[in-house]
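Please keep the sequence and the model at hand while reading.

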Amino acid sequence: MIFVLLLLTSLSTWAFPELVRYGYPNCTACHASPSGGGLLNLYGRELSKEILSTWGAKGEQYFAYGLVKTPQNVNLQGYVRLLQLHRNTPNVEEARTIWMQADLEGSYKYKNVTAVGMFGRQEKNVNGEKVVQPISRRLYLMWNASENITFRAGKFARYFGLNTPYHTSFVYRDLGFGQETETYNAELSYLKNNFTLFYTAIFGTFKDKTSYATEKGHTASLQYSFLKSQKVGATYYKGRDENQKRDIYGPWFILNYDRNLFLMSEFFFQNKLNTQSNLRSKGYVTTNRLNYQVYKGIIPFLTFEAGQTDWTSDATKRQSYGTGLQFFPRPHIELMASYQKDRYYVDNGYFADLYWLMLNYYL
Amino acid sequence: MRSKFGFKMVLLNFIFLFAFSTTLFAQKIDLSSGAKVEFDAVGKPAMINIKGTGSKATGVLSFKDGSADGEFVVNLKDFTTDMDMRDEHMKEKYLEVHKSDFGKAILKISQKVEALFPQSGVWNPQNLKGSLTLHGVTKEIPLNSKINIKDGSAKGAVNFKIKLKDFNIEIPEFAGITVADEVTANVLIDSKVSP
């Protein structure tokens with residue numbers, strides 16, 4: 001059950017930084033949000049048909065397939081996600097179908113200021129009971145102060161690492177970033193030539209019970225794109241709550257041989273102090289995914305992940321090898337199938353098999 | 001007397017050979033045998049790299065007596081940027097290819113060059129200029145050229161920068177992305193060289 005919750009809270013919405021291989025180094029090319037994910041702008045809608053999907057008819061990529069027209073300064077998007085998972089360990093075998101998301105997101109732009117709000121449902125496990133409650137995963141005001149500078153304040157995800165939607169990965173799962181870990185923040189993004197800088201002040205959750213996040217702090221990321229299709233970056237994160245203080249830092253990159261063969265990697269060190277016991281733990285987490293697009297929209301991949309968030313404890317040590325297929329048949333639809341073999345080192349060690357199939361649909 | 005006659009003969013032979021040798025090195029590149037044209041533009045504020053491909057250059061570039069002469073003709077209707085809607089806007093709204101004479105870009109080169117075109121080796125002339133006709137405007141622009149000639153073929157590129165405003169092209173704007181005023185064009189040559 002705990003595993004399912006982890007998975008539930010670690011799959012995020014559409015964001016594809018790997019599109020840097022087509023010459024799109026920054027998220028704002030496709031998304032309303034400077035850090036990507038969620039609400040697509042008109043350009044992002046076009047790209048979803050032209051470079052992401054295997055098939056697509058004229059006009060199919062627009063909101064509600066172009067059947068509903070919105071004013072120019074209004075943007076709407078709906079989301080539905082379903083997950084089928086199967087997991088085997090020496091002690092547990094489980095199979096579940098999970099309705100992960102059903103949300104509507106909208107934005108209204110007035111001059112250089114944009115208001116963005118997202119509303120939907122959240123399934124949570126509270127004391128063993130399934131609780132369904134309303135949730136707003138994103139609710140913020142954004143001001144484009146200039147062509148290069150954007151300020152944002154409100155509730156949204158903290159910018160961290162590659163900021164991919166593949167939040168089943170060790171990096172996001174083990175370090176506590178992912179969907180429904182949104183916090184209330186103030187963010188500055190600065191974009192100049194090939195450099196992009198994000199600085200986020202994190203004010204916590206203000207007792208927002210829909211968020212799994214607990215920390216306040218800061219995070220800063222600097223990215224550099226080069227040769228028109230490659231991207232490297234680094235992130236520093238400093239967080240604290242009533243039980244711990246921690247620093248996380250490390251590099252990440254997307255490198256590609258051509259538009260079809262590309263590698264996405266993240267590597268982070270964590271230095272954590274338990275403020276109750278005064279015990280310090282240090283460790284690392286890495287996630288790597290090698291992709292090859294065999295045909296437009298059809299991308300098989302291999303994954304390798306490893307982590308040990310406390311060098312002194314085998315209980316925190318894990319490795320994972322996996323393979324999968326990502327398929328974008330038409331605009332609005334993503335299918336992803338994955339198999340992972342996870343190796344745990346606790347209790348003399350054991351292996352676990354994880355299979356999952358995800359349908360991601362947006363309107 | 002005999003020696004004077006002999007000297008004149010040598011001199012005449014030398015002049016004849018020199019004159020013949022310059023025409024001997026006259027060569028031309030037939031672009032129709034393999035020259036592509038691409039352009040690179042940047043879309044702001046997201047710093048998008050927009051690459052235009054798909055168009056070919058036609059024409060002949062001749063080298064004779066230290067001069068380079070010729071013209072590239074590029075059909076603008078053939079360009080694609082991998083996005084239908086963007087292509088439609090680019091061609092119809094900004095380049096206005098449907099208007100008479102706007103469908104093609106013509107680059108003319110006609111000037112003496114210090115670097116003679118070699119039979120084999122690299123041709124990399126300094127201060128090369130061309131006259132570009134685009135969107136109904138003709139303007140002289142500096143060109144960078146580096147062409148490698150070997151075994152009867154020429155491989156390399158001629159590239160140049162265009163300021164859209166100089167050619168009365170409105171700055172393209174599409175779905176919140178504004179194209180930077182300066183665009184780089186590359187004529188990629190992989191053509192035959194003939195005398």
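The interface of chain B and chain A carries three salt bridges. This is a predicted model. One salt bridge with a partner on either chain pairs the side chains of A:Arg259 and B:Asp82, at 3.0 Å from N to O. Polar contacts between chain B and chain A link eight residue pairs, with both residues at pLDDT 80 or more. On the chain B side, the elements giving two or more residues are β2 (35-44), β3 (48-58) and α2 (84-94). Among the elements, α2(B) gives the most, with four residues. By type, the chain B side divides into 10 nonpolar, one polar and six charged residues.

The contact can also be put in residues and area. On chain B, 17 residues are in contact with 21 residues of chain A. The size of an interface is often given as the accessible area lost when the parts come together. Here the two chains bury about 1,600 Å² between them. Carbon and sulfur atoms account for 57% of that area. B:Met47, B:Asn49 and B:Met83 supply 31% of the area that chain B buries against chain A.

**Cavity and pocket**

Next come the spaces within the model. There are five cavities of 30 Å³ or more.

| Space | Volume | Lining residues | Lining by type |
|---|---|---|---|
| Largest cavity | about 550 Å³ | 31 residues | 27 nonpolar, two polar, two charged residues |
| Largest pocket | about 1,500 Å³ | 48 residues | 20 nonpolar, 21 polar, seven charged residues |

Which residues lie nearest the centre of the largest cavity? They are B:Phe39, B:Met90, B:Leu95, B:Leu164 and B:Val183. α2(B) gives the most to the lining of this cavity, with four residues.

The largest pocket takes lining residues from both chains. Nearest its centre lie A:Asn41, A:Leu42 and A:Lys109, together with B:Ala175 and B:Gly176. Its lining holds 21 polar residues and 20 nonpolar ones, plus seven charged.

**Salt bridges over the whole structure**

A search over all chains finds 19 salt bridges. One of them joins A:Arg137 and A:Glu180, with the closest N and O atoms 2.5 Å apart. Why does this pair tie together parts 43 residues apart in sequence? A:Arg137 lies in the loop between β4 (129-135) and β5 (139-144) of chain A, while A:Glu180 lies in the loop between α3 (170-175) and β7 (183-192) of chain A, so the pair ties together parts that are 43 residues apart in sequence.

**Backbone details**

Two backbone features complete the account. In chain B, a cis peptide bond joins B:Lys44 and B:Pro45, with omega at about 5 degrees. B:Pro45 sits in the loop between β2 and β3 of chain B. Both of those strands give two or more residues to the side that touches chain A.

In chain A, what is the phi of A:Phe206? Phi is near 50 degrees, a positive value in a residue other than glycine. A:Phe206 is found in the loop between β8 (195-202) and β9 (216-226) of chain A.

Terms used. Residues are numbered from 1 along each chain as its sequence is written. Chains are lettered from A and ligands numbered from 1 in the order in which they are written. This is a predicted model: local features need pLDDT of at least 70, side-chain atom pairs count only at pLDDT 80 or more; totals for chains, interfaces and linings use all residues. Side-chain values use heavy atoms; hydrogens and water are left out. Contact means heavy atoms within 4.5 Å. Buried area is the accessible area (1.4 Å probe) that two parts lose on being put together, summed over both. A salt bridge is a side-chain nitrogen of Lys or Arg within 4 Å of a carboxyl oxygen of Asp or Glu. A polar contact is a pair of N or O atoms within 3.5 Å; within protein, one must be able to donate a hydrogen and the other to accept it, and residues adjacent in sequence count only if both atoms are side-chain atoms. Ala, Val, Leu, Ile, Met, Phe, Trp, Tyr, Cys and Pro count as nonpolar, Asp, Glu, Lys and Arg as charged, and the others, Gly among them, as polar. On a 1 Å grid over the protein atoms alone, a cavity is a set of points where a 1.4 Å probe fits but cannot get out, and a pocket is an open set with protein on both sides within 12 Å along at least five of seven lines; lining residues have an atom within 4 Å of a point. Grid points are joined across faces, edges and corners, and a volume is the space filled by probe spheres set on the points.
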